[in-house]
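Reader: I am new to this structure and would like a short tour. Could we go through it together?

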Amino acid sequence: MLKKVFCISLLSIGVLGFSQKKWTIQECVDYAIKNNLQIQAQAYNKDVQTKNLEMAKKEYLPSVSGTISNTASFGNSQFVNTSVRNDNFNNNANVGASVLVYNNGRLEKNIRKNSFDLDASLQDIETIKNNISLQIAQQYLNVMLNREIKKISESAMENAQRLYDRAKITTDVGTTAQTVLAEATASLAREKQNVKTAQINVDKALFAMAQLLQLQDYKTFDVVDIPVPDELTPQTESVEEVLNIAYTSQPIVKAAEIRIKAAEAQTEVVKTNFWPTITASAGIGSLYNNQLYTNNLNFGNPAGPYVKEHSFFEQYKDNFGQQVGVSANIPIFNKGITKLQVEQTKINEVIAKNNLEQQKFQLKQDIQQAQFNADSNYEVYVAAVEAERSTKLALDFATKSYDAGRSTIYDVTIARNNYANAQGSVAQAKYNYLFSIKVLDFYAGRGINL
């Protein structure tokens, strides 16, 4: 019995330990990249492009095919002035091969075009990964922010509890009025409510993170706390510095550049339709014929000579033949369709170049916005820190005044609420600034590290 209880206890500890696993930011990013449906969908598109490239490369190989046909005919045939019975069975077998000799480099150009398509799809996957990493970093910091706000609320509740305990003692001994205890009770109740609300906000942030990761079991999900510096310093990189790096490192720009090359390659592929296509072919084959109504090859003429039909294998040996050939398909007139197709691919080149400019412009705006957010959030952070110092000093004065009997518990409560609000503003500004810095780091090619 003791052994059974011990085993159950070990099992319970193992389950509890698993359920209390805390995820790091890197584990969250890795899991999302591995399991995100959007990434999986884009990966399938990459697989399609890979197969297109493989098929384009195999176009260099010759095409080989074999045919076997069997035909039976029944009825009379006209022979001189006589209608004779002519029932026949024919068997043909052929194996042929053809290989492209010349088409002005169409195969090579098509391979290059498909290679560009594959490279662009790989960059699309990297773009999605980066976007998901940014979303996870933002939500991760949101969890940290709500946890810090919860700590602030818990500290305020502890102060309210101390005031309540003191007010209860002084009211019980009759040195303070009943209203003091009532105010202390109400203040403590409000702080407990704030703690509960803060805990709910933490749970909401964790739930949002679990949904972002597309986890089935979100109730046991938790993340590791990250160290956050007490004091922050302003960032010094300029928009131009970050932008120059982003233009060469961001996959969304690389994908747009590659698609320009793909559009140009497609134009070269279409232009080959103006040129002749030369194909070489070779084949072997044989046949077998059998007059079904007789073995005599005199077409039923009684006066004719009797010639016995050869057997199947004898005929295949006697009728065995080979052929080689070279054919040229020379375009002369196809209603001007090839010319229109070239013009169409030229338009696609312009569209691809325009898309690159759009991506660069959007990237520039995003970096400018991130730079503005970083600067403004830092200014808000500095102002919030100063406000926190002032409200802390005011709280200290209010507490000392209350201890000396020169102010009311209401004054202390107001001062404490002001200080808690200031602490919350500092936390909000701090995490907003941290995320702004991480966005700039992302665009500068330094990755997402918390």
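Predicted model: local features only at pLDDT ≥ 70, side-chain atom pairs only at ≥ 80, totals over all residues.

Reader: Good. Which order do the strands have in the open sheet of four strands?

Author: The order is β1-β4-β5-β6, and the pairing is antiparallel. Strands β1 (63-73) and β6 stand at the edges with a single partner strand each, so one side of each is left without a neighbour in the sheet. On average, neighbouring strands of this sheet are turned by 20° against each other, direction ignored.

Reader: How many bridges join β4 to β5?

Author: Strand β4 (residues 88-102) is joined to β5 by 14 bridges, and the two run antiparallel. As one point of reference, G96 stands opposite G283 in β5.

Reader: And how many join β5 to β6?

Author: Nine bridges link β5 (residues 277-291) with β6, again in an antiparallel arrangement. There, A282 has V324 of β6 as its bridge partner.

Reader: Staying with β6, how many of its nine residues are buried?

Author: The count is zero, so strand β6 (residues 321-329) is hardly covered, given that buried means under 20% relative accessible area.

Reader: Which residues make the nonpolar surface patch of about 360 Å²?

Author: The patch is made by V64, V95, I284 and F320. Of these, V95 lies in strand β4.

Reader: What is the relative accessible area of V95?

Author: V95 has a value of 44%, and is therefore partly exposed.

Reader: Let me change topic. What can you tell me about helix α5?

Author: Helix α5 (residues 178-212) has 35 residues. From first C-alpha to last, α5 reaches 51 Å, close to the 51 Å expected at 1.5 Å a residue.

Reader: What comes just after α5?

Author: Just after α5 there is Q214, which takes a positive phi of about 60°.

Reader: Now the charges, please. How many salt bridges are there?

Author: The count comes to 19 salt bridges. Side chains of opposite charge can pair when their charged atoms come close.

Reader: Which residue pairs with D117, and where do the two lie?

Author: D117 forms a salt bridge with K113, with the closest N and O atoms 2.7 Å apart. Both lie in helix α4 (residues 106-173), four residues apart, about one turn of the helix. An α-helix has 3.6 residues a turn, so residues three or four places apart point the same way.

Reader: Is D117 buried or exposed?

Author: D117 counts as buried, because its relative accessibility is 18% and the cut-off for buried is under 20%.

Reader: Which residue does K168 meet in a salt bridge?

Author: K168 meets D172, at 3.2 Å from N to O. These two also lie in helix α4, four residues apart. K168 counts as partly exposed at 35% relative accessibility, whereas D172 is exposed at 54%.

Notes
Residues numbered from 1 in each chain as written. Heavy atoms only, no water. Buried < 20%, exposed > 50% of the residue type's maximum accessible area, 1.4 Å probe, protein only. Pairing = 2+ DSSP bridges. Axes fitted to C-alpha atoms, helices over the stretch in contact; angles between N-to-C directions. Expected span 1.5 Å × (residues − 1). Patch = residues over 30% accessible without salt bridge, like charges linked within 9 Å, V, L, I, M, F, W, Y side chains within 5 Å. Areas by Shrake-Rupley, 256 points an atom, 1.4 Å probe, with all protein chains shown as cover. Salt bridge = Lys/Arg side-chain N within 4 Å of Asp/Glu carboxyl O.
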